[in-house]
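Me: I would like to go through a model feature by feature. Please give the general idea each time, then the case at hand.

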Amino acid sequence: MCHFAMAKSILITGGARSGKSAYAERRIAAMGGAPIYVATAEARDGEMAERVAQHRARRGPEWGLIEEPLDLIGALNRSDQGPRLVDCLTLWLSNLMFADRDWKAEGVRVANAIPALTHPVVFVTNEVGLGIVPDNALARRFRDAAGWLNQTIAEASDEVVLVVAGQPLKVKPQ
Amino acid sequence: MCHFAMAKSILITGGARSGKSAYAERRIAAMGGAPIYVATAEARDGEMAERVAQHRARRGPEWGLIEEPLDLIGALNRSDQGPRLVDCLTLWLSNLMFADRDWKAEGVRVANAIPALTHPVVFVTNEVGLGIVPDNALARRFRDAAGWLNQTIAEASDEVVLVVAGQPLKVKPQ
Amino acid sequence: MCHFAMAKSILITGGARSGKSAYAERRIAAMGGAPIYVATAEARDGEMAERVAQHRARRGPEWGLIEEPLDLIGALNRSDQGPRLVDCLTLWLSNLMFADRDWKAEGVRVANAIPALTHPVVFVTNEVGLGIVPDNALARRFRDAAGWLNQTIAEASDEVVLVVAGQPLKVKPQ
């Protein structure tokens with residue numbers, strides 16, 4: 001397989017507050033170019049609004065911003081120059097489910113689009129399946145969907161990194 | 001220690017929908033021989049029945065099947081030829097607890113049986129202890145028991161692999 | 001940076017019942033000297049009292065003991081000789097929150113104290129952020145705080161190890 005014309009794709013996964021976003025920002029910074037933050041979060045409540053504001057403050061003024069809760073393919077293919085940081089896939093999935101979209105079809109579309117991207121992309125996602133089985137069926141369906149999505153994007157990405165206590169652990173390639 | 005006559009033993013662990021079973025099937029396929037799927041699941045509800053059917057469809061017709069919710073030692077020692085895939089230890093543990101068996105004694109018996117097995121075995125298990133402490137005491141006891149069982153089988157196995165987003169991460173030997 | 005005069009610092013993380021404490025004790029034993037167990041647990045209920053007693057039985061009589069639910073800096077700086085095993089940071093955090101202390105300031109103080117320690121230290125902590133998002137806000141705040149504390153102590157420590165099914169996986173340095 002010939003990789004030289006392909007833009008780099010990286011999946012960063014880990015638990016809540018494990019330092020995934022900060023590590024993703026460092027990877028993006030090392031790529032050069034004017035980076036673009038693709039925010040899938042909608043600031044629906046105070047907790048989320050605060051987290052979005054914190055992330056924004058940490059990133060510098062050189063960052064562009066695309067806020068896109070649903071159309072991730074559109075955000076990846078926009079003509080803006082520079083590497084993209086998608087933060088995060090788990091929220092995107094939850095937005096798709098909430099809007100009653102076909103999340104599985106959307107996930108496959110994104111995975112299929114990765115090899116043709118003209119700019120590097122770093123996806124941030126969450127591990128949500130390493131706790132006790134949740135009581136309610138909706139939470140179980142969500143963690144199954146999130147596990148499937150993580151596998152699907154990991155398979156299509158050049159690199160997968162698990163962040164533990166802020167430290168990166170290379171998962172792919174081994 | 002002399003390993004040459006010993007059948008290979010592998011423990012595959014990870015979160016829900018992390019791709020553990022698919023990876024385990026690839027490892028089994030690489031071993032050659034007619035593989036045997038040791039299913040510990042009982043299709044007690046619709047969710048579980050659907051999952052069992054999906055796994056069955058993904059495996060090919062060359063796979064044998066032993067359905068055994070409790071007597072794992074018996075399933076491992078049956079005279080059938082070929083490598084065994086035990087899927088999964090966490091369900092086996094939950095079956096033992098539900099049937100009020102001495103799960104600790106059973107776990108030790110399986111661990112002690114591993115070195116003498118005449119066919120390779122791949123155990124699939126779940127990580128359930130990396131979320132917030134569960135509210136109810138039963139869930140806490142289950143995750144403690146699952147953690148103990150994973151340690152016990154890992155100690156007795158030649159190889160331990162953590163699957164993250166479908167990608168294997170070698171844990172033992174380091 | 002000059003490391004030769006610095007006492008070794010290690011952070012051991014992992015899920016519940018993953019074998020973190022037993023691994024930490026092996027690391028401490030390999031360091032030589034009379035080890036000191038810094039217990040942050042308060043035996044407030046039967047479950048916890050039982051766990052404390054189990055850990056005590058596993059450690060030998062050569063171990064010293066400091067029971068300190070809140071003043072971790074004090075415990076680290078006490079004049080006793082020998083390496084210290086702090087078990088565990090997550091309980092310490094929960095004690096600080098319960099006592100309405102400024103846990104963030106305390107966490108930063110401990111991290112800043114690490115380079116000046118005159119005895120080696122092994123911190124045990126828990127991963128609590130890899131399950132589904134908890135329903136209640138208090139649990140969400142706790143897992144955010146625990147994630148932050150783990151990152152902060154990991155950054156200041158020489159070595160970070162993730163324990164999976166009793167097996168150590170080196171996270172830092174890579």
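Me: How many nonpolar, polar and charged residues does the lining of the second largest pocket have?

Reply: Ala, Val, Leu, Ile, Met, Phe, Trp, Tyr, Cys and Pro count as nonpolar, Asp, Glu, Lys and Arg as charged, and the others, Gly among them, as polar. Here the lining has four nonpolar, five polar and two charged residues. This is a predicted model, in which local features need pLDDT of at least 70, side-chain atom pairs count only at pLDDT 80 or more, and totals for chains, interfaces and linings use all residues. Residues are numbered from 1 along each chain as its sequence is written, chains are lettered from A and ligands numbered from 1 in the order in which they are written, and side-chain values use heavy atoms, with hydrogens and water left out.

Me: Which elements give two or more residues to the lining of that second largest pocket?

Reply: On a 1 Å grid over the protein atoms alone, a pocket is an open set of points with protein on both sides within 12 Å along at least five of seven lines, a cavity is a set where a 1.4 Å probe fits but cannot get out, and lining residues have an atom within 4 Å of a point. Among those lining the second largest pocket are Tyr23(A), Arg26(A), Trp148(C) and Glu155(C). The elements are helix 1 (20-31) of chain A and helix 6 (137-156) of chain C, helices being DSSP runs of H or I with at least four residues, strands runs of E with at least two, both numbered from the N terminus. Helix 6 of chain C gives the largest share, four residues.

Me: Which residues lie nearest the centre of the largest cavity?

Reply: They are Leu130(A), Leu162(A), Leu130(B), Leu130(C) and Leu162(C), out of 23 lining residues. Strand 6 (159-164) supplies at least two lining residues in each of chains A, B and C. The lining divides into 14 nonpolar, six polar and three charged residues.

Me: Why does Phe142(C) count as buried?

Reply: Buried means under 20% relative accessible area, exposed over 50%, and partly exposed in between (1.4 Å probe, protein chains only). Phe142(C) counts as buried because its relative accessibility is 17%. Phe142(C) lies in helix 6 of chain C. Leaving aside neighbours within four places in sequence, Phe142(C) is in contact (heavy atoms within 4.5 Å) with Ile132(B), Thr90(C), Leu93(C), Ser94(C) and Met97(C).

Me: How confident is the predictor in chain A?

Reply: pLDDT is its confidence in each residue, from 0 to 100. Chain A averages 92, and 95% of the residues score at least 70.
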